[in-house]
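Student: Please take a close look at one part of this model. I want cut-offs stated with the terms.

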Amino acid sequence: MRTWATGKRPHRHRALGAALLLLAASAAAAGTSAPAAAGGEAAGAARNVILLIGDGMGDSEITLARNYTVGAGGRLHLDRFPMTGSYTTYAVDKDGRPDYVTDSAASATGWATGHKTVNGRISKTPDTDRPLPTLLELARNNGLSTGSVTTAELTDATPAALVAHVADRSCQGPADMRDCPGDTRERGGAGSIAEQSVAHDVDVLLGGGRQRFDQTVTEGPDRGRTVTELALRRGHRIVTDARELAAARPGRPVLGLFAPETLPLEWTGAPAVQGGTAPQRCVTAGPGRSAGTPDLETMTRQALRLLERPGRAGKGFFLQVEGASIDKTDHDADPCGQIGETVAFDRAVRAARDYAAGHPGTLVVATADHGHSSQIVPLAARPAGLSSTLITDEGGLMKVGYGTHAGEEGQEHSGVQVRIAAQGPLARRVLGVTDQTELFTTIRTALALR
Ligand code: CO
Ligand code: CO
């Protein structure tokens with residue numbers, strides 16, 4: 001129905017197409033509903049895509065956050081999408097055989113490129129280590145604005161998979177290249193994840209990991225400069241707190257580096273222990289958080305403001321938003337930390353849905369990259385692993401068990417399918433059971449990326 005917007009329309013319809021495009025653009029600007037924009041199924045039906053990834057946010061993690069905050073009978077923003085399905089997330093080995101539990105790098109490569117790869121690899125093939133084009137690269141090449149937001153380091157696996165191609169996720173800064181010999185500048189490679197992130201001139205990159213960007217390049221033409229200096233030379237605006245972010249204007253790339261490493265946690269509490277904790281309430285003002293540190297919702301709203309780029313009728317944006325520390329606190333068997341991060345992610349979902357309500361033609365997808373270890377178990381259960389009992393906001397007792405690892409090394413991911421929920425053009429494609437590589441195709445088709 002909206003095939004005229006795909007760029008593949010027949011010649012004789014070009015004038016009509018242009019007129020309709022103008023009409024759609026002005027309707028969108030006025031905040032009114034463009035025809036077919038809300039539920040369109042055709043290629044190119046979406047003007048914008050907002051993809052939200054809760055790292056390690058399986059059904060257990062969602063249910064824990066729901067029970068603790070709005071209650072067992074309540075609903076999170078995450079729960080309010082009209083279309084909900086499940087997708088599989090397994091990785092592969094170098095011969096293409098399934099590796100049933102993925103890490104964030106292989107998983108992000110799956111949705112960002114449409115190809116499965118080996119654990120640890122960032123947007124490169126499992127066998128021959130060749131780069132695979134990503135959604136963000138395709139969006140940028142097609143003239144869309146692009147953005148990526150995370151509570152982790154910007155060089156961490158999920159944001160990295162959109163803007164970098166390296167053999168191993170550990171190659172985050174110029175000083176971290178040990179496991180990526182073929183990607184070094186000296187060998188003619190594209191360098192570390194930080195260098196590649198900057199080289200993409202992404203319109204909006206917001207997160208942590210300032211220490212990676214402050215590392216000095218030691219090889220190649222940029223030798224002797226830090227990655228931060230390279231960004232400045234390319235005309236990027238670097239912001240380091242919420243006030244500077246709010247003052248940033250569209251027109252040149254904005255690189256937000258709000259912490260040396262991962263952003264501080266939202267909530268804290270006692271971690272789970274062998275034999276269980278006494279019933280506890282979570283502390284909802286995390287240490288190290290201040291008004292200067294933007295939370296995920298603030299970063300999302302600011303990214304959307306910067307990506308709007310008035311005057312670019314017909315060209316929208318692709319934005320990725322990651323709630324990264326759901327995963328990190330799950331690894332630490334820290335139920336309060338985990339719930340706080342999930343709630344913060346849920347507020348970012350609300351920001352995305354608010355935007356979509358005013359901008360028809362926006363496909364919003366919220367999903368996870370893999371399941372994790374936390375489980376809601378009966379109060380009488382005596383888990384073999386670590387556990388903690390929480391007193392929820394509705395006054396209930398909720399026991400959380402972590403049983404994927406017996407040792408002190410931390411908990412592990414799980415290989416379960418995870419939720420994928422969506423609204424807007426092509427949202428229907430998330431229904432049923434799909435694989436995460438199909439999300440790549442859905443977004444590519446929705447934006448008619450070539
Ligand atoms: Co992950
Ligand atoms: Co993890």
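**The two-cobalt site**

Tutor: The cobalt ion (ligand 2) and the cobalt ion (ligand 1) are separated by 4.3 Å. This is a predicted model, where local features need pLDDT of at least 70, side-chain atom pairs count only at pLDDT 80 or more, and totals for chains, interfaces and linings use all residues. Residues are numbered from 1 along each chain as its sequence is written, chains are lettered from A and ligands numbered from 1 in the order in which they are written, and side-chain values use heavy atoms, with hydrogens and water left out.

Take the cobalt ion (ligand 2). Its protein donors are Asp-327 (OD), Asp-327 (OD), His-331 (NE2) and His-413 (NE2), at 2.0 to 2.4 Å. Donors are N, O and S atoms within 2.8 Å of the metal (3.2 Å for Na, K and Ca); water is not among the atoms, so sites may look incomplete. The angles among the four donor atoms run from 58 to 149°, and the site is irregular. Four donors count as tetrahedral if all angles lie between 85 and 135 degrees; four count as square planar and six as octahedral if opposite donors are over 155 degrees apart and all others between 65 and 115; anything else is irregular. For reference, ideal angles at a metal are 109.5 degrees for four tetrahedral donors, and 90 or 180 degrees for six octahedral ones.

Along the chain, the donor residues of the cobalt ion (ligand 2) follow D-x3-H-x81-H. Distant parts of the chain are linked by His-331 in helix 11 (residues 325-331) and His-413 in the loop between strand 14 (397-402) and strand 15 (418-423), 82 residues apart. Helices (H or I, at least four residues) and strands (E, at least two) are DSSP runs, numbered from the N terminus. His-331 is partly exposed, at 22% relative accessible area. His-413 is buried, at 14%. Buried means under 20% relative accessible area, exposed over 50%, partly exposed in between (1.4 Å probe, protein chains only).

Now the cobalt ion (ligand 1). Asp-55 (OD), Asp-55 (OD), Ser-104 (OG), Asp-369 (OD) and His-370 (NE2) coordinate the cobalt ion (ligand 1) at 1.7 to 2.8 Å. The spacing of its donors is D-x48-S-x264-D-H. Ser-104 sits in helix 3 (residues 104-113) and Asp-369 in the loop between strand 11 (362-368) and strand 12 (374-377), so this pair ties together parts 265 residues apart in sequence. Ser-104 is buried, at 4% relative accessibility. Asp-369 is also buried. Its relative accessible area is 0%.
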